[in-house]
Amino acid sequence: MSGLEIERKFLVRHDSDFRSQATGRSTIRQGYMPARTATVRIRTRDDKGYLTIKGPSVNGGMTRYEFEKEITLDEAIHLLALCDPGVIEKERYLVPVGSHVFEVDVFHGDNEGLIMAEVELGSEDEPYERPDFLGPEVTGDRRFYNSHLRRQPYCLWRATLPEEYR
């Protein structure tokens, strides 16, 4: 898949019940290759592998070019070994809300305690139904980019967030 990725990101309260609304769950491990002008991500998601290249963010971090290609699980595992240190580990829950599906990520390892939701949109001004489990929007806040969490994990700065989000 190639094209523009338009998404909004939010913190999720720890006391929310998004799990009971989820229609799917998967386990994700991802690493990042060194690159100067793009983000190059290698990901395993359950029994599949993916190579993703993302361009720089524009419009407050909401939009950027994304190229994604499925690769074999074996290829992904070998490429993960070549990535920079700091693999991101998380569980992803798929939560349908209205005509959209929110992807809620529960992080593990050095990012334990962080829960974020993303919703992909067809346009930057597309309306969407806001579920009760969403907290403040963090779209464009680089601290919450997975590539940044690899270098500056949540465990180092979690105390900067309100209690209901840590």
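Hi everyone, let's start inside the protein: both F144 and W157 are buried, where buried means under 20% relative accessible area, exposed over 50% and partly exposed in between, with a 1.4 Å probe and protein chains only. Before going on, a word on the source: this is a predicted model, where local features need pLDDT of at least 70, side-chain atom pairs count only at pLDDT 80 or more, and totals for chains, interfaces and linings use all residues. Residues are numbered from 1 along each chain as its sequence is written, and side-chain values use heavy atoms, with hydrogens and water left out.

Now, the rings. A search of the whole structure gives 7 aromatic pairs; rings of Phe, Tyr and Trp (its six-membered ring) pair if their centres lie within 6.5 Å, with planes under 30 degrees apart counted as stacked, over 60 as edge-to-face and the rest as tilted. For F144 and W157, the ring centres are 5.2 Å apart and the planes stand at 80°, so this pair is edge-to-face. It links distant parts of the chain, 13 residues apart: F144 is in the loop between β9 (134-137) and α3 (146-151), and W157 in the segment after α3. Helices (H or I, at least four residues) and strands (E, at least two) are DSSP runs, numbered from the N terminus. Elsewhere, ring pairs join F10, F18, Y93, F102, Y128 and F133 into a cluster.

On to charges. The count of salt bridges comes to 15, each being a side-chain nitrogen of Lys or Arg within 4 Å of a carboxyl oxygen of Asp or Glu. Which residue forms a salt bridge with K54? That is E66, with the closest N and O atoms 3.4 Å apart. K54 lies in strand β4 (residues 48-54) and E66 in strand β5 (residues 63-71), so the pair ties together parts 12 residues apart in sequence. K54 is buried at 9% relative accessibility, and E66 is buried at 5%.

My next example is D105 with K90, whose closest N and O atoms are 3.0 Å apart. Here strand β7 (residues 100-107) holds D105 and strand β6 (residues 88-97) holds K90, so parts 15 residues apart in sequence are tied together. Are these two buried or exposed? D105 counts as buried at 2% relative accessibility, and K90 counts as buried at 2%.

For contrast, R143 and D141 meet in a salt bridge at 2.8 Å, N to O; R143 is partly exposed at 30%, and D141 is partly exposed at 24%. Finally, salt bridges that share partners join E5, K54, R64 and E66 into one network. Thanks, everyone!
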